[in-house]
Amino acid sequence: MAANAHLDHRNPLVFDTHELGRRPGALQRLSRTVDAPRDLGLQGVIGVPEGAPVELELRLESVMEGVLVTGTARARAEGECVRCLEPLELELEADFQEMFSYPDADDRGRVKTEPADDAEEDEDRLFLEDGLFDLEPVLRDAVVLALPMQPVCQDDCPGLCAECGARLADDPDHHHDAVDIRWAALQGLAGSLGDGEKDEMSGAEAGVDEKQEK
Ligand SMILES: [Zn+2]
Ligand SMILES: [Zn+2]
């Protein structure tokens, strides 16, 4: 299953720690730009489009029990304003830090059991696998944390008109008194006036047509 799937060093979100080595204190800095994986962000709200560039800066530090990975991801996220539904973009910067443990090195001398028994305890632990680690779950968590749950196009976005759905930021003086009166009138005279208006309009159109024909 997923936990047992072998990491593929060709996956751009898989990093190799062989160069870093296992001497505690060794440091390595890496930068890499990768294509955003699918569904990176808050689904249906805001996220980094699949395939968009994600700039990664990583600092790998060898420690006793594994490799401590500290880094930053930068990308452009796209979504829509929760108030006015206009599309919006924002520059995302997500920081993360994660420990990837050596599966064979338990510094407390504990005998490692198979994941089946220890699954609950190790649920949140991430491991190196043949010196490789998969940054994807770390990146996903960091991006979700860095994104606004309720993105808005501007802090004071007034949203949409409850009556007609117009975007109030485009039309701050927007109000409906006049339209309300007309709407009430139309409701009162529904039927007869509706036909009359249609006739007037078709008459006007006919007039235009006649002029054009002459
Ligand atoms: Zn808005
Ligand atoms: Zn309106």
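Is Asp 130 buried or exposed? Asp 130 is exposed, with a relative accessible area of 62%. Keep in mind from the start that this is a predicted model.

## Two loop residues with positive phi

Let's stay with Asp 130 for a moment. Asp 130 sits in the loop that links β8 (126-127) to β9 (132-134). Although Asp 130 is not a glycine, its phi is positive, at about 55 degrees. For context, most residues other than glycine have a negative phi.

Leu 85 is not a glycine, yet its phi is positive, at about 65 degrees. You will find Leu 85 in the loop between β6 and β7. With a relative accessible area of 47%, Leu 85 counts as partly exposed, because exposed means over 50% and buried means under 20%.

## The overall fold

Stepping back, the protein chain holds four helices and nine strands. Following the sequence, these elements come in the order β-β-β-β-β-β-β-α-β-β-α-α-α.

The protein chain has 214 residues, and 28% of them count as buried. What share of the contacts between residues at least 6 apart in sequence joins residues at least 24 apart? In the protein chain, that share is 63%.

## The nonpolar core

The largest nonpolar core is made of 37 residues. Val 48, Val 54, Leu 56, Val 69, Phe 133 and Leu 135 are the residues with the most contacts inside this core. At least two core residues come from each of β3 (40-42), β4 (46-48), β5, β6 (66-80), β7 (87-101) and α2 (136-146). As background, nonpolar side chains in soluble globular proteins tend to be buried together.

Setting aside residues up to four places away in sequence, Val 54 touches Arg 32, Thr 33, Val 34, Ala 36, Leu 40, Val 48, Ala 73, Arg 74, Ala 75 and Leu 139. One of these partners, Val 48, is also listed among the residues with the most contacts inside the core.

## Ser 62, a buried polar residue

Ser 62 belongs to strand β5 (residues 53-63). Its relative accessible area is 0%, so Ser 62 is buried.

What lies around the side chain of Ser 62? A polar atom of that side chain is 3.4 Å from the backbone oxygen of Gly 21. The backbone oxygen of Arg 22 is 3.5 Å from a polar atom of the Ser 62 side chain. Beyond neighbours within four places in sequence, Ser 62 is in contact with Leu 20, Gly 21, Arg 22, Arg 23, Pro 24, Gly 25, Ala 26 and Tyr 102.

Which residues coordinate the zinc ion (ligand 1)? The donors are the SG atoms of Cys 81, Cys 84, Cys 153 and Cys 157, at 2.3 Å. Along the sequence, these donor residues are spaced C-x2-C-x68-C-x3-C. The four donor atoms subtend angles of 105 to 115 degrees around the zinc ion (ligand 1), so the arrangement is tetrahedral.

Cys 153, by contrast, is partly exposed at 30%. As for disulfides, the structure holds zero.

The zinc ion (ligand 2) is coordinated by Cys 161 (SG), Cys 164 (SG), His 174 (NE2) and His 176 (NE2), at 1.9 to 2.3 Å. In sequence, the donors follow the spacing C-x2-C-x9-H-x1-H. Cys 161 and His 174 both lie in the loop between α2 and α3 (177-188), so this pair ties together parts that are 13 residues apart in sequence.

Why is the arrangement around the zinc ion (ligand 2) called tetrahedral? Its four donor atoms subtend angles of 93 to 122 degrees, and four donors count as tetrahedral if all angles lie between 85 and 135 degrees. His 174 is partly exposed at 21%, and Cys 164 is partly exposed at 44%.

How values were computed:
Residues numbered from 1 in each chain as written. Chains lettered and ligands numbered in written order. Predicted model: local features only at pLDDT ≥ 70, side-chain atom pairs only at ≥ 80, totals over all residues. Heavy atoms only, no water. Buried < 20%, exposed > 50% of the residue type's maximum accessible area, 1.4 Å probe, protein only. Polar contact = N/O pair within 3.5 Å; in protein donor to acceptor, adjacent residues only side chain to side chain. Contact = heavy atoms within 4.5 Å. Core = buried A, V, L, I, M, F, W, Y, C linked by side-chain atoms within 4.5 Å. Donors = N, O, S within 2.8 Å, 3.2 Å for Na, K, Ca; no water. Tetrahedral: all angles 85-135°; square planar, octahedral: opposite > 155°, others 65-115°. Disulfide = S-S within 2.5 Å.
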